[in-house]
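These are my notebook entries on one protein chain. I set down what I looked up and what I found at each place.

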Amino acid sequence: MDLLRGFTLSQASDRDALLSFKNSLQNPEALSSWSPSISHCRWNGVLCDGDRVTSLVLSTRQLSGRFPASLFSLTALTVLDLSSNDFTGEISHEISSLTALKTLSLGYNRISGELQAGLGELTSLQTLRLGPNFLTGRIPPELGKLTKLETFDLSGNAIAGNIPAHIGNLTRLQTLAIGSNLLTGALPSNLFSKLRFLASFDVSNNSLSGSIPPQLGELSSLTELYIGENHFSGVLPPEIGRLSNLEILSAPSCSINGPLPESFSKLKSLSKLDLSFNPLQCSIPKSFGELQNLTVLNLVESELNGSIPSEIGKCRNLNLLLISFNSITGALPESLSELPSLTTFSAEKNQLSGELPSWLGKWTQIDSILLSNNRFSGKIPPQIGNCSALSHLSLGSNMLSGEIPKELCNAALLEEVELEDNFLTGSIEETFKNCGNLTQLKLIDNQIIGSIPDYLSNLQLISLELDSNNFTGPIPVSLWSSLSLIEFSAASNQLEGFLPSQIGNAASLQSIVLPNNRITGTIPAEIGRLSSLSVFDMNSNFLRGPLPAELGNCTALATLDLGNNMLNSSIPQELVELTQLQCLILSYNNLSGEIPWKESKYFQQVSSIPDSSYVQHHGVYDLSNNRLSGAIPDELGKCMVVVDLLLSNNLLSGVIPRSLAHLANLTTLDLSGNLLSGNIPFEFGDCVKLQGFHLGNNKFVGSIPKSLGRLSGLVKLNLSSNMLSGSVPPDLGNLVGLTHLDLSFNMLSNELPSALSGMENLVGFYAQQNRLSGHLDGLFNDSGAWRVVFVNLSGNSLTGDLPSSLGNVSYLTVLDLHGNDLTGVVPSDIGDLAQLEYLDLSDNMLHGGIPEELCGLNNLLFLDLSENKLEGPVPRNGMCLNLTRDALAGNKNLCGGIVGLRCPMKSFPRRSPFLNVWGLTSLVVGVVLVALSVVIVLRIWSNRSGKNDLEASGDSSKLNSSDEQNLYFLSSSSRSKEPLSINIAMFEQPLLKLTLVDILEATNNFCKSNIIGDGGFGTVYKATLPEGKIVAVKKLSQSKTQGQREFLAEMETLGKVKHRNLVSLLGYCSYGEEKVLVYEYMANGSLDQWLRNQTGTGSHPVKNGQAVDVLDPAVLDANSKQMMLRTLKIALICLSENPPNRPTMLRVLKSLKVIQEE
């Protein structure tokens, strides 16, 4: 009876335990079949031995709740599987009561807490699966007592610490999976000696370090080895070749070095080998060819060198060959054609060369051929079309030439074709006509000609990228009817025509990118039907008319770039309603009216940026170079994602809204060239991300706010050409990252603070034309740490001596201190400025001699010491040998050299009376000759004065009565008038006066048909002057011009630069806001055109280091080649895409002189 009673109690306790478990769930209805009216042994997932529950398997039942402690009373349980549910909480130490348990599977839940040492009491366990969960702590050594364990899985938790050596006592272990944890330390060398049944070993995705122990070779039963994504280093031990049963070796993303052991050839069972993202720094072993069962070889980004061994062709079962992002050289070995099962060949970003072989067509199973970013040349073999399974062909960024073979479309499954950045030519009129499955076509940066064919609209294209080619003609109207097209870009071509109303039919379009073309007409209102449009970029075309208000219906619009067109009227208020808009560029148009002032909904934080939007344009708000007027709306301060706010060169007035200082992401603020007034708000000192602050050419008054000194990230500060007054705040010295500081043309006063020398990264400091006073000693007191290159403090009231510490400013290239009240001597320490190229100390009160050290500066190209009180002999060395009279004029006591006055001898010996008589006689004769010369000159002048008076009076009256501005040109005419505002030393000949009307007639009112060039600083027109002379007229962009005085000062410098390799400046013109330069006309085009292959002559552009291709063979010989290449190198630097990298004209002249001298 006692036995029966005990049995009945056990039965009742198991049933109650299960019901307690069910009731503890958050969703007990998931176990609705567990009815009290049915025996618990018949419930789903429950197995019994008699009435005792021995197995509870409830995986993937979507059960939710805390891990049930009630189950620990099921002491007869041998299998407990609750995996793939949503259990939380910790595993109680009471689990040790389940002593009969053989299988414990709790993976894919959210169980947390430390791993319990009590698990070591479950000595009957054969399978332990606890991953993935959120378990923490360390692996308890007590688990080493589970000697019957065959499967041990803790993967995907947060277990930390070392791997205990006690795991090596689990002699029956077949699977050890402890990957994706936080384990550290090395692999214990004594871990493997007893694990002779271990088949799968996974420690991947931890932080394990050290070398791979050679004892790993003792795992004779091992078939799978996963050790990747750790910090293992060193070479793989040769003992790894003893793993004869190994099928998978995965060791990516470690620090394993080469060379790879030759014993790899013994891994005859190896099917998958992944050593990607390791610094192997070796070649691919030839022994890999003996791995006959290899199906996957992944060596991506492993710093491999050498060539592809032909032995790889012996791996006949290879499916995936992945060797991208290495430094592999040479040609593709023909033995690769013998890989019949190959489905993916990826060798991108290497240094493979030679022609693409025709045998590629033998890969009938190939799905992807990825060979971009190599050095392949020649033509694309048409045999690739024989790859009947091919869907992805990537050959971009090579040196392929010739036409694209239409046979590619014989590969009927072809979906993606990427041929960008090559030298491909010809048209595509028929090329892709039969590619019925083509979804992506990328032909960017080639030399393809002809029109965009109509048949493209019949394909299933999702992405069409045709940028930077020579496509001409209109965009086919049928293309706008494509229902599949999502992205269409054809920037930098010669497309013409207009945007038709049918553009509204392209319902799927998300991106239209067509800048730098010749598209005309207006933007059709139907554009508003493109509700999915995210990017609309038509920059640098010839669009005209108003901005359609219907753009406000493009609710997904994130980037709108219509800059550099001829759009007019006002900016529609509807744009403010575009909640996704993150980039607005309308610069360089003819827009007028006010900036939209409605409450801003654009430029707000959005959850995600559309994939097709331009990330580099995120936060750009650019309305510069228009005719916008009125005040800057206060609402702009609520556009929180604005990064660059560019409103320069408009007619904006009023004060700066203080709300702009609330733009937390503001990096660049450019309000220069407007009519803004008032004070500079001190709140801008809180814009901690501000890097560029440009307020020049306005009407700001008051002092410079001290708070600007808090802008620790500021790089450029331009406050020039305003009416700012007061002292320069010492706080600006805190701007240690500042590279350019322009305070010129204001009314700043008092002494420059010495703290400015603390701006160690300052390159350019401009404070000319102010009312600054005081000495320079404080500014240059610690000049050894100052890296300033350009300093202009001219036109002030600076006093005192030139500090000798100037010689410590070792990076100084340009120093202009003219027009001050400086005294003292010119310190010889200036001779230490080895980089100095330009020095102007004129119009001061300096005295003493000219230091020979100054004249000896090798890089000095310009020196002006005129209008001082210098004395003594002009040194006869270096720069001073070539000085003009103008450079020394006004120094009455200088002698020798170009001055022409004989320097007095320091002492005279006593002479005989006889010699004194002869000396007196010579003096009398000299006086008589001088007097006769004066009489003759006066007589000649009087004879000509009558006729010239008439001509002069006529010219004078005409000049004084005319309202036209005059343009000055070089001429041999001796009667030409010279502009009073410019030093005549800049030109070799006098200037010929020519009216602006003549220039307008010569360029046909700057007609676009006369455009011969268009660069970052303006447009160049071909012009024929009245007398038939052809010149090149550059009309400077208003955003690139300075004020009148800065412009004239720059002309002084440019006019003095003369060299046979530089186009001569013939003249200039400044009228109102417009600035015009006149150069010699180059009949063969500019070097820029030749280098970029825009001449239409079929010349080759400079690409991949082949600069010699652009040189004219008619003048190229062994003697001239090096000189021409060095000159070409200078030209390429001048054409740098990054303007700050372009050298000054003085630096160019210096470089050319070096070449000429050598």
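**Entry 1: Confidence**

I began by noting that I am working with a predicted model. I looked up the confidence of the chain and found a mean pLDDT of 84. Of its residues, 81% reach 70 or more.

**Entry 2: Disulfides**

How many disulfides does the count come to? I found three disulfides by the distance rule. As background, I note that a disulfide is a covalent bond between the sulfur atoms of two cysteines.

I took the pair of cysteine 41 and cysteine 48 to begin with, where the sulfur atoms are 2.1 Å apart. The cut-off for a disulfide is 2.5 Å, so this pair qualifies. The angle about the S-S bond is -100°, and the link of cysteine 41 and cysteine 48 is left-handed. I also checked the accessibility of cysteine 48: its relative value is 23%, so I record cysteine 48 as partly exposed.

I turned next to cysteine 409 and cysteine 435, which are joined with an S to S distance of 1.8 Å. The link of cysteine 409 and cysteine 435 is left-handed, with -95° about the S-S bond. Which parts does this pair tie together? Cysteine 409 sits in the loop between β29 (399–403) and β30 (416–418), while cysteine 435 sits in the loop between β31 (423–425) and β32 (440–442). The pair therefore ties together parts that are 26 residues apart in sequence. I looked up burial for both partners. Cysteine 409 has 7% relative accessibility and so counts as buried. Cysteine 435 has a relative accessible area of 3%, so cysteine 435 is buried.

The remaining entry on disulfides concerns cysteine 855 and cysteine 880, with an S to S distance of 1.8 Å. I read -60° about the S-S bond, and the link of cysteine 855 and cysteine 880 is left-handed. Cysteine 855 belongs to helix α2 (residues 852–855), and cysteine 880 to the loop between β65 (869–873) and β66 (893–895). This pair links distant parts of the chain, 25 residues apart. Are cysteine 855 and cysteine 880 buried or exposed? I found that cysteine 855 and cysteine 880 are buried.

I also looked up the burial of two further cysteines. Cysteine 315 has 0% relative accessibility and therefore counts as buried. Cysteine 687 is buried, with a relative accessible area of 3%.

**Entry 3: Alanine 558**

I located alanine 558 in the loop between β40 (544–546) and β41 (559–561). Its relative accessible area is 1%, so alanine 558 is buried. I then compared alanine 558 with leucine 533: they are 25 residues apart in sequence, and their C-alpha atoms are 8.2 Å apart in space.

**Entry 4: Asparagine 820**

I found asparagine 820 in the loop between β61 (814–816) and β62 (838–840). Its relative accessibility is 4%, so asparagine 820 counts as buried. What does the side chain of asparagine 820 reach at 3.5 Å? It reaches the backbone oxygen of histidine 818. Leaving out residues up to four places away in sequence, asparagine 820 touches several others, among them Leu793, Gly795, Leu798 and Asp843.

**Entry 5: Lysine 1035**

I consulted the UniProt record, an unreviewed entry, which lists Lys1035 under "binding site". In the model, lysine 1035 is part of strand β71 (residues 1030–1036). Lysine 1035 has 26% relative accessibility and so counts as partly exposed.

**Entry 6: A sheet of four strands**

I looked up an open sheet of four strands and noted the order β54-β56-β58-β60, with parallel pairing. Which strands stand at the edges? They are β54 (725–726) and β60 (797–798); each has a single partner strand, so one side of each is left without a neighbour in the sheet.

I followed the pairing at β60. Strand β58 (residues 771–774) pairs with β60 in the parallel sense over two bridges. Glycine 774 has leucine 798 in β60 as its bridge partner. I close this entry by noting that Leu798 is also one of the residues that asparagine 820 touches.

Notes: Residues are numbered from 1 along each chain as its sequence is written. This is a predicted model: local features need pLDDT of at least 70, side-chain atom pairs count only at pLDDT 80 or more; totals for chains, interfaces and linings use all residues. Side-chain values use heavy atoms; hydrogens and water are left out. Buried means under 20% relative accessible area, exposed over 50%, partly exposed in between (1.4 Å probe, protein chains only). A polar contact is a pair of N or O atoms within 3.5 Å; within protein, one must be able to donate a hydrogen and the other to accept it, and residues adjacent in sequence count only if both atoms are side-chain atoms. Contact means heavy atoms within 4.5 Å. UniProt positions are given in the numbering used here, feature names are shortened, and annotations may be inferred rather than shown by experiment. Two strands pair if DSSP finds at least two bridges between them. pLDDT is the predictor's confidence in each residue, from 0 to 100.
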